[in-house]
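Welcome, and thanks for taking a look.

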Amino acid sequence: MKVDVVVVGGGPAGLSAAIEIGSRGGHVVVVDDHPTPGGKLLGQLHQEGNHSNWWKGFELAQELKQKALAANVCILSEKQVWGMEPGWKVHISDLVQNDTGMEIQADCVLLATGAVEKPMPIPGWTLPGVLAIGAAQVMTNVYQVLPGKKVIVAGIDILSLSIARSMKLAGADVEGIYMLPHSPFSNYASPLLHLETLNEMTDFAPSKMIRLTGKLLKSKTGRKLAAQFYPPMGIKMWGIPIHLRRTILSINGTHEVESVTITKIDVNGNPIGEQKVIQADTVCISGGLSPLYELAAMAGCKFVTLEGLSGTVPLHNKELETTVPNLFVAGNITGIEGAKVAMAQGALAGKSICNKLRIGNLKIADMEEALSFVEHSRKLSDIQFHPKVSEAREHLDDLWKTLIKDVSREDKNGSNQKLY
Amino acid sequence: MCNHSFIICRCEEVSIEDIQDAIAAGASNSQEVKMSTRAGMGICQGRLCRPLLKALLPDNHKESVHSPSQLTFHQPVRPVSLAKIVKKENSI
Amino acid sequence: MRIQHPILPSRSTKTISFSFNHKMYQAREGETIAIALWANGVKTLRNSEKNHEPRGMYCGIGQCYECRIYHPKIGLLKACTTRVTDGDHYFSKESFNEMDLARKGGGNEG
């Protein structure tokens, strides 16, 4: 089968890109490994700005799917891409082992594979009943099954706060949200360091008290005071205690999760005695999100590691093309920024691809509009995964420009040009 | 870090002590640890443990632009039956 | 435990059946195997090959393969991304292997 574009990943970025390409007459296939397209939108649920309207991700997912189908996009669900060869030849198979699979030829490939959760090993984390926080979100909001009756959450971040709230709303007893252990795997998390990132989140907080305290967090002294005098019973958000000065030492149980051992920690994250065992049947671990870039790596892309993008991402230009010609990226694979930015990036990538393949009649103004819409979405996003994301994006642009300069210098000296 | 042991590579059941033993025996990067402990060689092909090994043995990036990891990525990136790979090779 | 979410619309109420390691369970149409089992209180999907420790769903998005189970005709399945098929029988690897051995042993005697 030969098409113009294969989009890997049917989340907000992938679907948005496919809509742009399909609606201009391009032949595009979206490959997604879940039963229904929509990616992480399917489980997302949060309250908008004035804290009264509920934003339901699955409604947006349905809308995108309908638009894609209306634009003649072919969506292959419950299929995975297991390999690619330059040219492009994309190898696709069912999720089960014994089918024969298929190969699709395409001029361009867009990787919109999103992110995976960073694992956070804690003794006992392999026990049944321990879930990555994303699994708890899908279970609760998509399938409407409670992860557990008594839930403990490890990791204090935007995602864990939002999902803890979802679980409580659904009827779970969320006993508390605890700090991750201080270790190389948590980037040496500590209450003091954590208050720096938390202060970015307080504008999003529901209660006036937390918003006021938020102002205290803007200065280093304020943070030291806040860490030192953090209430031992935790500060409650939506009725769930957040324990900045406590972490999980171990998850206990013979066949499944039965309890967790909690310890008090100092402002730098070191355990300072006062251990307690708490009964629980579920532990949700939030280690943060990391771009899922394995196909880009396999295709030979160059990468950059930038904290503001939450990890290692394929190096790409403003039009979202990577260092491998005709390989594009959009969404969380380019850096963790959430659904709204992902959609804007998807639309941009779709237009860039149409431009490259001369699909439809794109004008310079269309491209400029798509670029500024990404910026606009970034500013409007009320959930920021990292405070330094804009700086990281600027740094990424600089790195691309430097690389291009180096390549053209090599060209002048007669070396092989490998990069676009 | 606390005293209790924990698993680093869930697929191959490699513990933190196994990794530390490999480092003590001379492994100096994640690829060498993979070779001596099998961490990263299981069914998920390092998808979960790659960042953990990276945190224990940071790759030294002198340049900001780099290749992704010492643990290289190979096709297939998902487990597939041999029939598919054979079919692919036959079609070349 | 299955719930009716206070804000999100209901899932399908059509009930289907399946078995896991020879025990019958009910699922809501559209549920994945891992979710249906979890809703029935079953979190352990297999024992690890080396240390024989109980393992179950962890990442929930098909990335970690911890939820791997077996179907007699299809083979390896990821329980967290595979929807329940009405009337199907699923097994953990150990049960699957035992069944396989028993079947081969039975054939030789016949």
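**Backbone and contact notes**

N187(A) counts as partly exposed because it has 15 C-beta neighbours inside 10 Å; a residue is buried with 20 or more other C-beta atoms within 10 Å of its own, exposed with 12 or fewer, and partly exposed in between, with C-beta atoms placed from the backbone. This is a predicted model, in which local features need pLDDT of at least 70 and side-chain atom pairs count only at pLDDT 80 or more, while totals for chains, interfaces and linings use all residues. Residues are numbered from 1 along each chain as its sequence is written, with chains lettered from A and ligands numbered from 1 in the order in which they are written.

**Positive phi**
- Most residues other than glycine have a negative phi, and most peptide bonds are trans.
- N187(A), not a glycine, has a positive phi of about 60°.
- Its place is the loop between β12 (173–179) and α5 (191–201) of chain A; helices (H or I, at least four residues) and strands (E, at least two) are DSSP runs, numbered from the N terminus.
- S310(A), also a residue other than glycine, has a positive phi near 65°.
- S310(A) lies in the loop between β19 (303–306) and β20 (311–314) of chain A, and it counts as buried because it has 22 C-beta neighbours inside 10 Å.

**Cis peptide**
- The peptide bond joining G87(A) and W88(A) is cis, with omega about -20°.
- W88(A) sits in the loop between β6 (79–85) and β7 (89–94) of chain A.

**Chains B and C**
- Seven residues from chain C and seven residues from chain B make up the contact (C-beta atoms, placed from the backbone, within 7 Å).

Definitions and conventions
Contact = placed C-beta atoms within 7 Å.
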